[in-house]
Structure formats: structure tokens, C-alpha cells
Amino acid sequence: MTDKELITVTIDKYTDLQRIKKANGDHCNPELDYQIKVTIAKLSSLGVSVEDITL
């Protein structure tokens, strides 16, 4: 897998997690929050800023 493919897959995962979080409304889900934090860290390590793609 190329770096570009890895970035694309990770962005897709991040946007999926964001949609799930939005659909949950005010429901607290610590696992979802953790998965989002880890995905943000991965994207950051790949040089991708999530500011522009955060819901």
C-alpha cells in the first residue's frame, strides 16, 4: 500500500467515525472517542490536518 492509499483509507475511517459520532447525538461513547483520537494521531503522523474534515 502506498502512502497516498494509506492516507485515503485513514481519512475514510476518520470520516466514518465522525458520522457515527454525529448520529449518536449526545450519547457518551468512550470507545468511539478513543478511536477518533487514535485516528487523528495516525493522520497527524502522516502529515494530514483534520481541521478541514472534522464535522
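## The core

A nonpolar core is a set of buried Ala, Val, Leu, Ile, Met, Phe, Trp, Tyr and Cys residues joined through side-chain atoms within 4.5 Å. Buried here means under 20% relative accessible area, exposed means over 50%, and partly exposed is in between (1.4 Å probe, protein chains only). In this predicted model, local features need pLDDT of at least 70 and side-chain atom pairs count only at pLDDT 80 or more, while totals for chains, interfaces and linings use all residues. Residues are numbered from 1 along each chain as its sequence is written, and side-chain values use heavy atoms, with hydrogens and water left out.

So who's in the middle? The largest nonpolar core has seven residues: Tyr14, Leu17, Leu32, Ile36, Leu43, Val48 and Val50.

## The chain overall

The protein chain has two helices and zero strands; both kinds of element are DSSP runs (helices H or I, at least four residues; strands E, at least two), numbered from the N terminus. Of its 55 residues, 18% count as buried. Its C-alpha atoms fill a box of roughly 35 × 20 × 15 Å along the principal axes.

## Helix H1

H1 has 22 residues and runs 32 Å from first C-alpha to last, close to the 32 Å expected at 1.5 Å a residue (that expectation is 1.5 Å times one less than the number of residues). Its buried residues are Thr10, Tyr14, Leu17 and Gln18. Looking down the axis of H1, these fall within an arc of 105°, so they line one face of the helix; the arc is that of the directions from the helix axis to the C-beta atoms.

That buried set packs against H2. On the face of H1 turned away from the buried side you'll find the exposed residues Lys4, Lys22 and Ala23. After H1 comes Gly25, with a positive phi near 65°.

## Two residues to look at

Start with Tyr14. Setting aside residues up to four places away in sequence, Tyr14 touches Ile36, Thr39, Ile40, Leu43, Val50, Ile53 and Thr54, where contact means heavy atoms within 4.5 Å.

Then there's Gln18, also in helix H1. Why does Gln18 count as buried? Because its relative accessibility is 8%. Leaving out neighbours within four places in sequence, Gln18 is in contact with Ile36, Thr54 and Leu55.
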